[in-house]
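Trainee: Hi, could you walk me through this one before group meeting? I'd like to know how the chains sit together and what each one looks like.

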Amino acid sequence: MKNYLKLVNFEISRFFKLYLILIGLTIVCQLIGVIRVSKGYMDLAEKVMDKNQLSVSRFIEQYGTFSVQRFVYSEWFLMSIYIGIAILIIYVFLIWYRDWLGKNSFIYRLLMLPTERITIYFAKLTAIMLLLLGLITLQLLLVLIEIQIVNSIVPSDFRTYSYGISNIDIFVLLYPNTFTAFILNYGIGLIFVAVLFTAILFERSYRLKGIFFAIVYGVLSLGVFFAPLLLNGFYPRYFYPLEIILMGMVTSFIVLGSTIWIANHLLKHKIMV
Amino acid sequence: MKKYWRTIVISLVIVATISTYYIQGAMSSKNDVTFKFKTTSGNKEEIENLILQASYNNGDIYHPLYISKDGSTNPRSRFIIEDLIADPVPLEFEKYIQDYRKFMRGKVFDPSNYFEDEARLIYTDFSGKNRQVLTLQIDILDKQTNDSTSFEITTPTQANISWIQVNDVFVKNGEIKILVTSYLYNDEEELHVYTVNENKKELEDGSIIAKSEPGMSSIRIYNDSNKIQNENYYLYKVDKYKNKSEDAESEIISSQAYLHNNLNNEVEEIDIANKLKSAMNSMILHGGEVFIPVHSANGLELNRYNIKKKQWGEPLHFNYPTKANNEEEPFLQLSGGKLYSVNRVSDGYSLFIGDLRTGKSLYEGKIIDENRENLNKDYSLTIDQIYSIY
Amino acid sequence: MIEVKNVNKKYGRKQVLKDLSFTAKKGEITCLIGINGVGKTTIMKAIMALTPINGGEILIDGEKIRKDSFEKITFIPDTITMLPQMKIGEAFTFMADFYKSWNPQRAEELLQFFKLDPTERIANLSKGNTAKVNMLLGLALDVDYLLMDEPFSGIDMFSREQIAEVFTSHLIEERGVILTTHEISDIEHLIDKAVLIDNGEVIMEFSVEEVRENEGKSVVDVMREVYRG
């Protein structure tokens, strides 16, 4: 347990500088974006209303009200989201490969630590989840700030009536309405990363053959995981929703359990430095 | 410990933010809009077992609810995934699923496909709905022994059917009569009554009782699609149009209401007075009578036609205040010998319950909203169905 | 004692290790001798479970390798086993954090002996110094067994002498050492046992002193006989 915490902290510390840069970039991008988009709208409003002598309501009829949606789908915002996603996905792979490639042979040290090798796997998995959750937490805080900024630049008659962020589509996935759904979404995410990790370990254990194993394994896992939904598709309404959910929980455990078991086996008996 | 600061900081920020977000979310749901009944007059017991399946529109957002004497609840499932997997189970089927779990598997949850009496529950549906050979599947459950039997009947091939819909099931004297609408590829509709002999497990008859042609005529069925027990008659209306071009509004040349007697397969026409013809679209079949409601600012005039006697009786008058604007159609449901009406009034909505035999009011009350601040100024409450639960 | 018993390993089509067996005792320096690519490094990696084997078994003090074994046995490969961005001091902290058998005083001793600066980043070190740090990381652990892969390869002469000095010191005395090299003449006087390997098999396993006394041959002589004869 202690070694696990030490390794988690180690992984986080390794990535920390890049993480701070990513956070900074996201903040800057989004703040610039929200200010520019809001100001842009107000400038347009001023110009058009002045030129055509329109009242506020006439202007709104033609150009629509300003909703947070406008900003959320703007380039600044989307770019910051894409960069974050890209870096996270790359790091899912890099967190393993960086210990092998180039001048780096740190993997020797990791595998020779007086700890169960699966601890390395758990530590890297935890690190990725913390990084992911950290980013979405950052985004949540940023959105709250951004709403305030919008409210200060765009007067209320120009704004679309909305409460909270729950009606922005992208966010429903990241911040579902109930805590249970939150755990579920990110739990599924965790299982997904875990399976990816095991696939990486297949490649690192069997090299070229390993890529093939990795793909087969990945597809198999997906199949088992989604089996209840597939069943439901072929035989609609045969299983009641609660039964499908229970089946889903079982398949999730099977997939997670087997992925950890396989990873453990690979790390102990098949891995090659 | 201090070298763990990075991990600790990240973890703390995550936990603090996410937990605050969800705790706050849980609290704010307490500020959700709720509805409840407020009795003005009449017998409180009338609303004792009522559940109103309703929804309200707030801006663009649609909120479904159940309203009862205890207040309103949100029918959304415990796990959001349930909604992703399947449509939510209609209220009336929850009991069937509970009591007859195995029998109810794989079945459509539409009351139109079922028949029930004290002893049995019967389900019919077509398999291969948009293929050439239609097979009628019939499942029969003995409620006492919990045994079920099922058989299939191949219906005569009809090549041009694009969809087929079961509207009602009537079972009596070893015969299962199924009211079916076939939708053809050329937009024609056919109204069939299929008669199946239960004992011989054969199709005895599959006659068409009405047919519509696109642009020329249309059929509409007025049976209570939520009633699972036998209805002795099928009520349907056929409108004929003047042959119209695509853009023009269709002009109705004639509207005729028909009753199909399920016991002897006879079809009779109902004569409707001209002044009631415009209200024909609101016809209701209930308890051996055909009702045509006419709403006014004072309440409701319920015209009644006794099927056995084949004559129109004295209309019933129920008085209650309504806003009677044409935008919102008042909700009207006849069940169990009673009339249930929900209308918009100046300060919300009113609920009226009347007795169809005596024509008297049994209950009058209001449906009031709470936590109004979260509601748009012009929200609208729509009632889908009123259930009595015991 | 480290026992390598009938180990088989295939890499792709090639049988890299064929029914290979030998032992290395604690308190002795065992040298695996063979030409490049014959499987010496593979054997060491196999002992450390850093590469899988297809048959046979490897026992350390009678047990198969487990997580605790890494407090008893360590491997010094020919590449650095620390993050290059780390400073030498940070590497020490890392080792101290994870290994109970890390001996900080010994590490300090060796640091001074090798004349290294703890604030220097590993990536900036010369090849010779990097090798010294690598060795340090192994030697500063109070382990029973040390595996060293080509400890002298690519090292300048003076650094080599320094490292050779370590071998004769108390730092190595009671431990079991397995090392590989093809510069046999440099260290012949240090080793206790020689294991000649060719084509994935052990050709000959012998005590250096015995052979010198009884047959008057050096290790190099034996090698000549075996490989040429």
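**Chains, contacts and cores**

Mentor: Happy to. There are two pairs of chains in contact, and chains A and B share the most contacts. Keep in mind that this is a predicted model.

Trainee: And how far apart are the nearest C-alpha atoms of chain B and chain C?

Mentor: They are 11 Å apart, and chain B and chain C do not touch.

Trainee: OK, back to A and B. How many residues does each chain bring to that contact?

Mentor: Chain A gives 27 residues and chain B gives 23 residues. On the side of chain A that touches chain B, the elements supplying two or more residues are helix H1 (2–52), helix H6 (118–153), H8 and helix H9 (241–270) of chain A.

Trainee: Which of those gives the largest share?

Mentor: H6(A), with six residues. By class, the side of chain A that touches chain B splits into 19 nonpolar, seven polar and one charged.

Trainee: What about the contact between A and C, how many residues from each?

Mentor: There, 21 residues come from chain C and 18 residues from chain A. Strand S5 (73–76) and helix H2 (88–98) of chain C each contribute at least two residues to the side of chain C that touches chain A. That side of chain C is made up of 12 nonpolar, four polar and five charged residues.

Trainee: How does its radius of gyration sit against a compact globule?

Mentor: Chain A has 24 Å, whereas a compact globule of 273 residues would be near 19 Å. The C-alpha trace of chain A spans about 80 × 55 × 35 Å along its principal axes.

Trainee: What percentage of chain A is buried?

Mentor: Buried residues are 30% of the 273 residues in chain A. As for contacts in chain A between residues at least 6 apart in sequence, 79% join residues at least 24 apart.

Trainee: I was clicking around helix H2 (residues 56–63) of chain A. Is that one in the open or enclosed?

Mentor: Helix H2 of chain A lies largely in the open, because the number of buried residues among its eight is zero.

Trainee: Switching to chain C. How many helices and strands does it have?

Mentor: Eight helices and nine strands. With 229 residues, a compact globule would have a radius of gyration near 17 Å, and the 18 Å of chain C agrees with that. The C-alpha trace of chain C spans about 50 × 35 × 30 Å along its principal axes.

Trainee: And what share of chain C counts as buried?

Mentor: 38% of its 229 residues. Among contacts in chain C between residues at least 6 apart in sequence, 73% join residues at least 24 apart.

Trainee: Which way does strand S3 (residues 29–33) of chain C run against S8(C), parallel or antiparallel?

Mentor: Parallel, with four bridges joining S3 to S8(C). Thr30(C) stands opposite Lys193(C) there.

Trainee: And S8(C) with strand S9 (residues 201–207) of chain C, parallel or antiparallel?

Mentor: Antiparallel, joined by six bridges, with Ala194(C) opposite Phe206(C). S8(C) and S9(C) form a hairpin with two residues between the strands, where Asn199(C) takes a positive phi near 55°.

Trainee: Last topic: the cores. Which residues have the most contacts inside the largest nonpolar core?

Mentor: Phe197(A) and Leu147(C), in a core of 107 residues. Helix H8 (residues 179–234) of chain A provides the largest share of this core, 11 residues. Apart from it lies another core, of 70 residues, including Val171(B), Tyr194(B), Leu235(B) and Leu339(B).

Trainee: What does Leu147(C) touch, leaving out residues up to four places away in sequence?

Mentor: Met44(C), Ile47(C), Met48(C), Phe75(C), Ile76(C) and Ile178(C).

Trainee: Great, thanks!

Note on methods. Residues numbered from 1 in each chain as written. Chains lettered and ligands numbered in written order. Predicted model: local features only at pLDDT ≥ 70, side-chain atom pairs only at ≥ 80, totals over all residues. Contact = placed C-beta atoms within 7 Å. Nonpolar A, V, L, I, M, F, W, Y, C, P; charged D, E, K, R; others polar. Core = buried A, V, L, I, M, F, W, Y, C linked by C-beta atoms within 7 Å. Buried ≥ 20, exposed ≤ 12 C-beta atoms within 10 Å, placed from the backbone. Rg over C-alpha atoms; globule rule 2.2 N^0.38 Å. Pairing = 2+ DSSP bridges.
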